[in-house]
Amino acid sequence: MIVQQIVFIVLLLATAFFFSKRIAFIRKNILSGRAEKLNDQPARRWKYMALYALGQKKMFKRIVPAVFHFMIYAGFIIINLEIAEIMLDGILGTHRLFVSLLGPGIYGTFISLFEVLALLVIVACLVFLARRWVLHIRRFFGREMTRWPKLDATLILIIETVLMTFFLSMNTADSLLQDMAYGHYREAGFFLISDSLKGILSFADAGTLVFIERFGWWAHIVGVFAFTIYITYSKHLHIFLAFPNAWYTRFKSSGKISNMPEVAREVKAMMDPSYQPDENAPAPERFGAKDVTDLSWKSILDAYSCTECGRCTSECPANLTGKLLSPRKIMMDTRDRSEELGYFIRKNGGEKKEDGKSLLHDYISMEELNACTTCQACVEACPVSISPLDIIIELRRYLAMEESKVPQEWALMFGNIENNGAPWQFSPSDRLNWKDEA
Amino acid sequence: MSQEALKVRTMAEVAAAGESVEVLFWVGCAGSFDQRAQKITKAFVKILNRAGVSFAVLGEEETCTGDPARRAGNEFLFQMMAFQNIQTFEAYGIKKIVTACPHCFNMLKNEYSELGGNYEVLHHTAFLQSLIDEGRLKLKEGGKFKGKRITFHDSCYLGRANGIYEAPRELIRKLDAELVEMKRCKSSGLCCGAGGAQMWKEDEPGDKRINIERSEEALGTRAAVIASACPFCMTMLSDGVKNKEKEDEVAVRDLAELIAEAEEL
């Protein structure tokens, strides 16, 4: 047993090491964004998080995926209680430690509940695989859904199905061994699902059953360890980040564009003769965003929270009518660029901060940005409180104010507003003409 | 329609007379210059006149709120416009503003406050509803639109941005009309295609124009009238209906126009 314990502890520590290293890297990437204060009104934030992350309120706008997603979500959270026992058994070299604490009656009831959830998770994962690969639901495809994002989504569903299968096969073999009163396999209560699966393993002798039980146990927990590290590279990170992303949400109307106080100050200095410049005000760095580090840290957190479900893109009027813009791509590009820049900075020991590339142009094109109607359908659709619109606006700001790269019609419109006070070429003196026209 | 002269005063005239008004009517650039939107402006003024609301407009002193500039990325230009407009409001001591344009509405209500401009801002649909609720505007029973199918297109900056879904619908019910919803309505409403400064440029390359997609959906309700509450949605939907050659069968009207028409103003 001691060898198994040592192997287990080494794997556990390795997982903790790689996972925390990855999280530290992601945290650093997120915090490389511009400062934005989003911790006011804590009570309201907890409530919002309870409703939108824990309660998944936005998911229920589309009821079919919401129900199946809820099955996986509930399964994931509740079955994780079982992981506590597996961890303790692994470290202490015990077998089903909680039986002696709870007694077979209560223990069996818990395991039965986990088994029902495990079965529901398998059903939901198979339904989701079918939605992707049999029904070919449109939002799972699209220009940004290249090989890796599609593989990622498929792998997650397969891994979850396999993990649950190991869990059930482990319990089934265990139940049979309990019936035989074999070795240390003590009576652990009635397991609802695996009890009815016993027939499948009726061929096996005790030795084979012990192998199946042990294999299921190890495969399940090693699978969980591997999956923990995997998700930090995957869109599946939303299972953690949906929570902080909801907590740090911007409490503003989705149609309200963030102010640029540095521009307001400059305009005031220009137009208001009585204006006294504030000596302490920070000098403007760069107007708008060219790269991820010019975005608010919240926008980068948004990007890491994105689960690529495509609800945003499926409601985007530009995308629906065949334009290049896809709000999901904006988020995926932001995350990919943040990872790329993070690796570059790490490789150079934190000394070089610029790799000659940028989010704007290298990842996101002007054509995409120019197609946005700022209708906020993407913001409204997102189940994990992401705003692709904020990124679009920041990039547009850089294009307009730093590069002067706007469509020619917009340049004309700017000129009209500046000269005539209206976006069209009409004279201010004609503003009331409607009054006297029949 | 009666051809009574519109009673409109400017804030400058009101101030010169040493008077004050209940509300400033912010006409907006579309409402001032766009021929189609001017009809909305006139319809709304007729209703204000009928209800005896004391109001004024800014006339030559009104300028663009800066909405299209800001959304196209030109924050400098936006800040300049906002600065000027806030100064004008301050000069006249403006406290309450009504506008028929959801873009101006959103700017004045949500985006001027951070720059020191705080006002009570109402969209004309909400204002009209309050006039009716307060008994200042009485609608005739069994008007012209009784029993007619009317669908309502939600403007993004009225709906999603400001959560105003009910006031315009309530007005349609007050007309005794049958309100029919499009599948994509309220918070899931599809944009007309004009927002975010798209009004001033050609669509980016694609399969279809957004206004065609939306107009097809609206026509699909078999409504006799497509109601809107935004001058830009009005342009987009009117063009879409024309593109589908349905302009003789299906009317696109602003809610103010529907009320003015029902009241034979």
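This is a predicted model: local features need pLDDT of at least 70, side-chain atom pairs count only at pLDDT 80 or more; totals for chains, interfaces and linings use all residues.
Author: Helices are DSSP runs (H or I, at least four residues), numbered from the N terminus. A pocket is an open set of points on a 1 Å grid over the protein atoms alone where a 1.4 Å probe fits, with protein on both sides within 12 Å along at least five of seven lines; lining residues have an atom within 4 Å of a point.

Reader: How many residues line the largest pocket, and which lie nearest its centre?

Author: The lining has 31 residues, and Ala35(A), Glu36(A), Ser258(A), Asn259(A) and Pro261(A) lie nearest the centre. Of the lining residues, 17 are charged, nine nonpolar and five polar.

Reader: Turning to the interface, how many residues does the contact take from each chain?

Author: Chain A gives 64 residues and chain B gives 68, where contact means heavy atoms within 4.5 Å.

Reader: And how many salt bridges are there between chain A and chain B?

Author: There are four, each a side-chain nitrogen of Lys or Arg within 4 Å of a carboxyl oxygen of Asp or Glu. One salt bridge joins Asp203(B) and Lys323(A), at 3.1 Å from N to O.

Reader: Which helix gives the most to the side of chain A that touches chain B?

Author: That is α10(A), with seven residues.

Reader: What conventions apply?

Author: Residues are numbered from 1 along each chain as its sequence is written, and chains are lettered from A in the order in which they are written. Local features need pLDDT of at least 70, side-chain atom pairs count only at pLDDT 80 or more, totals for chains, interfaces and linings use all residues, and side-chain values use heavy atoms, without hydrogens and water.

How values were computed. Helices (H or I, at least four residues) and strands (E, at least two) are DSSP runs, numbered from the N terminus. Ala, Val, Leu, Ile, Met, Phe, Trp, Tyr, Cys and Pro count as nonpolar, Asp, Glu, Lys and Arg as charged, and the others, Gly among them, as polar.
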